[in-house]
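Hi,

Here is the structure I promised to pass on. Have a look at it first, and then read my notes below.

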Protein chains: 2
Amino acid sequence: MFEQIHDYLSRSARLSKEEVKIFEKHLELRKIPKKTILLSAGEICNFEAYINKGCIREYFVDRDGIELTLQFAIEDWWVSDITSFEDQVPSDMYIETLEDCELLVLTRQAKENLISEVPQLERMFRLMIQRHLSKLQKRLFKTVSSTAMEQYVEFITRYPTISQRVSQQYIASYLGITPEFLSRLRAKHLKGGKVAE
Amino acid sequence: MFEQIHDYLSRSARLSKEEVKIFEKHLELRKIPKKTILLSAGEICNFEAYINKGCIREYFVDRDGIELTLQFAIEDWWVSDITSFEDQVPSDMYIETLEDCELLVLTRQAKENLISEVPQLERMFRLMIQRHLSKLQKRLFKTVSSTAMEQYVEFITRYPTISQRVSQQYIASYLGITPEFLSRLRAKHLKGGKVAE
DNA sequence: CGTCTATTTGAATGTACTCAAAAGCGGTGG
DNA sequence: CCACCGCTTTTGAGTACATTCAAATAGACG
């Protein structure tokens, strides 16, 4: 149950065995069926979840009902609306399982306790957010500076696993285009790029 | 010299007078003329700067030489490429003064010393980044889900000061559109929206 | 097999871009 | 104080990228 996160914590936060154990003590395993909404806009997010198994997406919905997928998350990733979680303010996003999931959940109280037991985790959480921020900056940059086709190719190249696991409509909503247009892009891409396959 | 940041620190980080003093001890005042590049892509960012006076922009440059402005910063804001600064990796952005500036600069070493003197600042820095992240998420959402016109109107409404201080070409590069197209939007906006002015 | 949803295809439209040229504006030197 | 230079903004015409709406096809699941 804890093998993966054990690995994650030692590798990415360089925690000692002791610290890893304390960390794990505060986690709670939850199994969630697919198509479950874990958080809706308007609610306060009460979890940070490490994905042991499964696939999740975070998304916004605009006033016309169009969804923008902010992020897909699979095994070894964390999901949460960190702003809502930390500041205890209503979220403006949705978080939904796309597959049956096995999550290790850190509640707000547990996180507080955890940090007061192992203060240097404060730093780890800061670094996690920092990495997140950096990724998002690059994504914004690419969203603005390249065509949908370029972004699509980059997406399937960088996240081959994800692009096989999630349906096209969600990928379209990640790229910020309509499903119809993504379908056309795929058709063109198959024709153009299939020399070596 | 320290009035503004004094205010910032007490208000936004709820530091005690003592802590604020320690903080200020680690800052260094720098006066920079306008049109100065503070950071170029490829360099390692060695500062976090609080703006006492002036205006700065952070931007990326794509392979065609098109700039995307990530952020404008004026009095009472911080600027840095936090990823480059923290991880000591080459930056992929530029930071440039648009006006003559007066900055309170925190170097990497100073920040480390500061945090070890006042460990609870770790939390403040985390919260700063978190707010940043949250803003950026919303911006990405809007970039994708609304037209350039909507974004332009929102920009001048939300940042009236900034939109008066920076030239249109930079606003265009913030909105991710060409200067020509922004000019057309403005023309249309004046016609359409000027009933009450 | 039938139903429901996801994907593909088509035609018409809109949003934003490119390239080119003109007009406006700020600073500098005479 | 005016004239000129360089840079920013505006305007025009043609084009490309992506959308909308509608309908057809393909896949998934009971």
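Before the notes, a word on residue classes: Ala, Val, Leu, Ile, Met, Phe, Trp, Tyr, Cys and Pro count as nonpolar, Asp, Glu, Lys and Arg as charged, and the others, Gly among them, as polar. With that in hand, the residues of the surface near DNA strand C split into 6 nonpolar, 6 polar and 4 charged.

Some housekeeping. This is a predicted model, in which local features need pLDDT of at least 70 and side-chain atom pairs count only at pLDDT 80 or more, while totals for chains, interfaces and linings use all residues. Residues are numbered from 1 along each chain as its sequence is written, and chains are lettered from A and ligands numbered from 1 in the order in which they are written.

On to the DNA. A residue is near a strand or molecule if its C-beta atom, placed from the backbone, lies within 6 Å of it. There are 16 residues around DNA strand C, and Gln168(A), Gln169(A), Ser183(A), Ala148(B) and Phe181(B) come nearest. For the surface near DNA strand C, at least two residues each come from α8 (168–175) and α9 of chain A, and from α6 (148–158) and α9 of chain B. The largest share, 6 residues, belongs to α9(A).

DNA strand D also has 16 residues around it, with Ile177(A), Phe181(A), Ser167(B), Gln168(B) and Ser183(B) coming nearest. Here the elements that each give at least two residues are α6 (148–158) and α9 (179–193) of chain A, plus α8 (168–175) and α9 (179–193) of chain B. In this case α9(B) provides the largest share, 6 residues. By class, the surface near DNA strand D has 6 nonpolar, 6 polar and 4 charged residues.

Next, how the two protein chains meet. Two residues are in contact if their C-beta atoms, placed from the backbone, lie within 7 Å. By that test, 26 residues of chain A are in contact with 26 residues of chain B. On the chain A side, β5 (67–73), α3 (82–87) and α5 (121–145) each supply at least two residues. The largest share of that side, 17 residues, comes from α5(A). The side of chain A that touches chain B has 12 nonpolar, 8 polar and 6 charged residues.

A residue is buried if 20 or more other C-beta atoms lie within 10 Å of its own, exposed if 12 or fewer, and partly exposed in between, with C-beta atoms placed from the backbone. Leu133(A) is buried, because 20 other C-beta atoms lie within 10 Å. Leaving out residues up to four places away in sequence, Leu133(A) touches Ile82(B), Ile129(B), His132(B), Leu133(B) and Leu136(B).

Now for chain A by itself. Its secondary structure comes to 9 helices and 8 strands. The radius of gyration of chain A (taken over C-alpha atoms) is 18 Å, close to the 16 Å from the globule rule for 197 residues, so chain A is as compact as a globular protein of that length; the rule is 2.2 Å times the number of residues to the power 0.38. Of the 197 residues of chain A, 31% count as buried.

Strand β3 (residues 47–53) of chain A is mostly covered, with 6 of its 7 residues buried. Two strands pair if DSSP finds at least two bridges between them. β3(A) pairs in the antiparallel sense with strand β8 (residues 101–107) of chain A over 6 bridges, and Glu48(A) has Leu106(A) in β8(A) as its bridge partner. β3(A) also pairs in the antiparallel sense with strand β6 (residues 78–79) of chain A, over 2 bridges. There, Tyr50(A) stands opposite Trp78(A) in β6(A).

Arg14(A) has a phi near 50°, a positive value in a residue other than glycine, and lies in the loop between α1 (3–13) and α2 (17–25) of chain A. Lys35(A), also not a glycine, has a positive phi of about 65°, and its place is in the loop between β1 (28–32) and β2 (37–39) of chain A.

Over to you!

Terms used
Helices (H or I, at least four residues) and strands (E, at least two) are DSSP runs, numbered from the N terminus.
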